[in-house]
Amino acid sequence: MKTIDRIETQRLILRRWREEDRAPFADINADPKVMEYFKSPLTRAESDSFIDRIENVFEQNGYGFWAVEERGSGKLLGLTGLAPVMFQASFTPAVEIGWRIASDSWGKGYAPEAARMVLDVGFHRLRLPEIVAFTAVINKNSRRVMEKLGMTQDVAAGFDHPNLPEGHMLRSHVLYRMKSPVNHVM
Amino acid sequence: MAALETARLVLRSIARTDAQAIRKHFPHWEIVKYLTSAVPWPYPDDGAEKYLDTFLPKVAAGIDHIWGIRLKAHLGDTLRDEVIGIVHFHGADPADPEDVPTRGFWLAREHQGKGYMTEAVFAVNSYIFDVLGVPRLVIKNARDNIGSRRVKEKTGAVLIGVEPSAGKYLGDYAEQEVWELTAENFRRARDAAGKTGQGAT
């Protein structure tokens with residue numbers, strides 16, 4: 001499997017994960033602000049295992065959630081990328097786009113900048129017919145990025161996340177879709 | 001297609017609304033003499049529209065990518081915000097086994113000599129190699145086209161040959177240079193230049 005290892009944008013470098021990312025990524029995953037709309041912040045072991053799972057997705061699919069590094073400073077900002085949706089829902093099988101950015105780097109437009117390139121990788125290089133994104137209904141920040149990217153909410157495909165218990169405030173999820181702009185039939 | 005941004009430029013996918021700017025900046029002998037003789041000359045009144053009619057379907061099909069270059073300093077200024085040049089990437093047509101990826105560009109005369117094209121090409125090459133995953137480009141220019149050669153040299157292309165080019169250019173140049181640009185060489189040039197790809201300064 002030929003993997004996509006590096007994508008450069010104006011201010012960011014999206015790349016495969018390295019050992020030295022583990023500590024700063026664990027800090028990001030332990031930040032309650034970053035993890036407000038997840039079940040809970042992650043322990044160091046959980047964060048490390050997340051990186052292992054991401055790298056596994058790269059090996060199997062050629063793409064995954066890239067580590068996002070700030071150009072110049074080399075600081076790890078978080079992740080942005082693509083992954084096959086790992087649970088069953090009305091919209092699966094599907095490939096999702098996702099992002100997670102350190103809270104001290106919010107408000108700079110890093111998530112949309114990285115995500116725009118990732119969408120182009122998905123549509124123009126991987127030739128995916130569609131990319132989806134989902135988040136807890138109450139996660140307005142993430143929904144704003146989805147809308148900024150031009151993704152459209154599919155109200156009928158809203159769902160309860162199977163990994164969260166019934167009654168959990170984050171269980172109810174919204175689904176956003178984007179169809180490929182590439183017209184495969186000329 | 002995502003817009004590309006550099007220190008001084010914004011590159012957006014070309015649209016029909018750019019026809020007027022193309023008509024203004026493109027049909028000048030100093031520009032077209034270095035371009036393929038497939039460009040109609042004298043340039044007809046509807047030349048820009050014909051160009052867009054021909055290539056926008058290829059853009060929609062994901063085969064070609066065409067960026068219009070705009071100056072950031074002019075964004076939002078209704079009198080001056082317009083396309084001042086184009087970078088055209090032609091991806092290999094899957095239906096044509098002989099087809100190879102290539103890239104061409106032009107810049108309005110009054111904006112030449114300021115490093116804009118090198119800046120634009122760093123950004124576009126990043127997209128071609130990083131996002132589209134193209135392994136290698138073969139790019140050509142009339143031997144006399146020094147400006148184009150300089151852009152290629154700065155962005156990692158390697159001269160692999162000179163060949164006769166009678167009839168290939170509007171300017172009827174006798175020879176053309178053939179350059180190879182691999183993803184690896186481009187990335188090396190990008191790193192060495194300390195350029196930021198899409199944020200080249």
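Predicted model: local features only at pLDDT ≥ 70, side-chain atom pairs only at ≥ 80, totals over all residues.
Let me start with a helix pair in chain A. Helix 1, residues 22-29, and helix 2, residues 44-61, of chain A have axes that come within 9 Å and cross at roughly 115 degrees. The crossing of helix 1 of chain A with helix 2 of chain A is right-handed.

Who makes the contact? From helix 1 of chain A we have A:Arg22, A:Phe25, A:Ala26 and A:Asn29. Across from them, helix 2 of chain A brings A:Arg44, A:Ser47, A:Asp48 and A:Ile51. By class, the residues of this contact between helix 1 and helix 2 of chain A are 3 nonpolar, 2 polar and 3 charged.

Stay with helix 1 of chain A for a moment. Its buried residues are A:Phe25, A:Ala26, A:Ile28 and A:Asn29. Why do they sit on the same side of helix 1 of chain A? Because they cover an arc of only 155 degrees around the axis. As a reminder, an α-helix has 3.6 residues a turn, so residues three or four places apart point the same way. And what do the buried residues of helix 1 of chain A pack against? Helix 2, strand 4 (76-84) and strand 5 (95-101) of chain A.

Now the interface. 17 residues of chain A are in contact with 17 residues of chain B. Look at the chain A side. Strand 1 (6-8) and helix 3 (110-125) of chain A each supply at least two residues there. Helix 3 of chain A gives the largest share of that side, with 6 residues. The classes on the chain A side that touches chain B run to 6 nonpolar, 4 polar and 7 charged residues.

An open sheet of 5 strands in chain B runs in the order 1-2-3-4-5, with antiparallel pairing. Strand 1 (4-5) and strand 5 (102-107) of chain B are at the edges. Each of these has a single partner strand, so one side of each is left without a neighbour in the sheet.

Strand 3 and strand 4 of chain B run antiparallel and are joined by 6 bridges. Take B:Ile66: its bridge partner in strand 4 of chain B is B:His88. Next, strand 4 of chain B, residues 85-90, meets strand 5 of chain B, again antiparallel, through 6 bridges. B:Gly85 stands opposite B:Leu107 of strand 5 of chain B. B:Val87 has B:Phe105 as its bridge partner in strand 5 of chain B.

Next, the other sheet. This open sheet of chain B has 3 strands, in the order 6-8-7, with antiparallel pairing. Which strands are at the edges? Strand 6 (136-142) and strand 7 of chain B, each pairing on one side only. On average, neighbouring strands of this sheet are turned by 25 degrees against each other, direction ignored.

The pairings here, one at a time. Strand 6 and strand 8 of chain B pair in the antiparallel sense over 7 bridges. In that region, B:Arg136 stands opposite B:Thr182 in strand 8 of chain B. Strand 7 of chain B pairs antiparallel with strand 8 of chain B, residues 175-182, over 6 bridges. There, B:Leu159 stands opposite B:Trp179 of strand 8.

How many residues of strand 7 of chain B are buried? Of its 7 residues, spanning 158-164, the count is 0. Strand 7 of chain B is hardly covered.

Helix 5 of chain B, residues 146-154, buries B:Ser148, B:Val151 and B:Lys152. Seen down the axis of helix 5 of chain B, these fall within an arc of 100 degrees, so they line one face of the helix. What covers them? The cover includes helix 4 (116-131), strand 6 and strand 8 of chain B.

One last detail. After helix 5 of chain B comes B:Gly156, with a positive phi near 95 degrees. That's my tour. Over to you.

Conventions
Residues numbered from 1 in each chain as written. Chains lettered and ligands numbered in written order. Axes fitted to C-alpha atoms, helices over the stretch in contact; angles between N-to-C directions. Helix = DSSP H or I, 4+ residues; strand = E, 2+ residues; numbered from the N terminus. Left-handed = near helix turned anticlockwise from the far one by under 90°. Contact = placed C-beta atoms within 7 Å. Nonpolar A, V, L, I, M, F, W, Y, C, P; charged D, E, K, R; others polar. Pairing = 2+ DSSP bridges. Buried ≥ 20, exposed ≤ 12 C-beta atoms within 10 Å, placed from the backbone. Arc of directions from axis to C-beta.
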